[in-house]
Amino acid sequence: MIKEYELNIGPNHPGIHGNFSVHLKLEGDTIVEAKGNSGYLHRAFEKLMEQRTYLQNLALIPRICVPEPDINEAVYSMAIEELMGVEIPERAKFIRTIVLEAARVNALLFHFGGTAAMLGNYTVNYWAVADRDLMLDIFLKLSGARVYHMYIWPGGVRRDTYPGFEDDVLGFVKYMKDRLIEYDNLFFKNPMFMHRAKGLAKITKETALQMGVTGPNLKATGVKVDVRKDEPYAAYPYLDFDIPVLDDGDAWAREIQRRLEFELSLNLIEQAVKKMPKGDVWKKMPNPFKWVIPEGEAYARVESSRGEYGFYFVSDGTDKPYRVSVRGVSMPHMYPLAEELLVGQKLSDAPFILETLDICPPEIDR
């Protein structure tokens, strides 16, 4: 007689990025069924946005995904700018790009640390937290806040950079490029990581496309799709870059894909700083406390560290959004992708597999 038993991973925060649970049914230590269990931190972001003015929402939206908050400011602002017919200044485009790529670097450091920790390699986690803090210090000087910056807003950015900003950013880029060699030796080339990750939880190209997978999880299957190239925004049209892809589709490929994108982000930041023009950083607009957005609808999207992230926005011509829908990257990555990938895997691999998918629960529980 086969005995089955049930086990919950989560909803404790350290066990998964955010308060989220995965309900497993097991035969021995083999997973035979996996069900995502959301609802532990439901914050009603979309409905809260519809009850607040456009300016008030700038303090709310970065919290939709803590590791990479600036993407929310960008898509929110881009949707409003589309409805208002506003073209932001050239300098603001470059500053936005630097901020967004720096946020991607921070999110990937957060991810690498968590993934390595799931394999018992806590040194990488400690390194990543410390290195991420260096960029948070720059964000603090730029915006007055370390995590939730509220710096990108409709019309451009809230204020110009501080004296020495370019040197600070380029110094961080140089440090991280040198540091990346150490991450390679300790983590990405680590035999333990390669043994655990190669061939694990493989995603085929067909499955990824069918399930709406985007970002590194899709690019690791060989599909070259990236909003920065396919529908350029901010200063990306002015930068020289190509999107790396792998085709193995397994846990190893997903992590190496992110490592390649980490290096790409450092190069994009360096280019943007060196090419950034002088000039205004905000297009003069009506009093922000009295913003009334023209009636209409818009969809704005960016390429986050996890994939395509977007806001569908409907305005009824008042001082508050009529409807807002967040295209959270993590929804298809958990439902149904993770539920399918976990079946047949060993219990010991479940937390590691979930980490390689880089699921951010507030994007689901929004």
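## Glu363 and its surroundings

Apart from neighbours within four places in sequence, Glu363 is in contact (heavy atoms within 4.5 Å) with Ile64, Cys65, Arg306, Tyr309, Gly328, Val329 and Ser330. The model is a predicted one, in which local features need pLDDT of at least 70, side-chain atom pairs count only at pLDDT 80 or more, and totals for chains, interfaces and linings use all residues. Residues are numbered from 1 along each chain as its sequence is written, and side-chain values use heavy atoms, with hydrogens and water left out.

Glu363 belongs to the segment after helix 12 (350–357), where helices are DSSP runs of H or I with at least four residues and strands are runs of E with at least two, numbered from the N terminus. With a relative accessibility of 0%, Glu363 counts as buried; the term buried stands for under 20% relative accessible area, exposed for over 50%, and partly exposed for what lies in between, using a 1.4 Å probe and protein chains only. The side chains of Glu363 and Arg306 are joined by a polar contact of 2.2 Å.

## The hairpin of strands 6 and 7

Strand 6 (residues 296–303) and strand 7 (residues 308–315) run antiparallel and are joined by eight bridges, where pairing requires that DSSP finds at least two bridges between two strands. The two strands form a hairpin with four residues between them, and Gly307 in the turn has a positive phi of about 140 degrees. Glu303 stands opposite Glu308 in strand 7.

## The nonpolar core

The largest nonpolar core holds 113 residues, of which Leu24, Met49, Phe262, Tyr309, Phe311 and Leu342 touch the most other members. Such a core is a set of buried Ala, Val, Leu, Ile, Met, Phe, Trp, Tyr and Cys residues joined through side-chain atoms within 4.5 Å. Leu342, not counting residues up to four places away in sequence, touches Val22, Leu24, Ile31, Ala34, Ala350, Ile353 and Leu354.

## Ala201

Ala201 is found in the loop between helix 6 (191–197) and helix 7 (205–211), and this residue is buried, with a relative accessible area of 3%. Leaving aside neighbours within four places in sequence, the residues in contact with Ala201 are Gly249, Asp250, Ala251, Arg254, Leu341, Gln345 and Ile353.

## Charges over rings

The charged end of Arg179 sits over the ring of Trp127, 4.1 Å from its centre, while Lys198 lies over the face of Trp252, at 4.6 Å from the ring centre. The rule here asks for NZ of Lys or CZ of Arg within 6 Å of the ring centre and within 35 degrees of the ring normal.

Key. A polar contact is a pair of N or O atoms within 3.5 Å; within protein, one must be able to donate a hydrogen and the other to accept it, and residues adjacent in sequence count only if both atoms are side-chain atoms.
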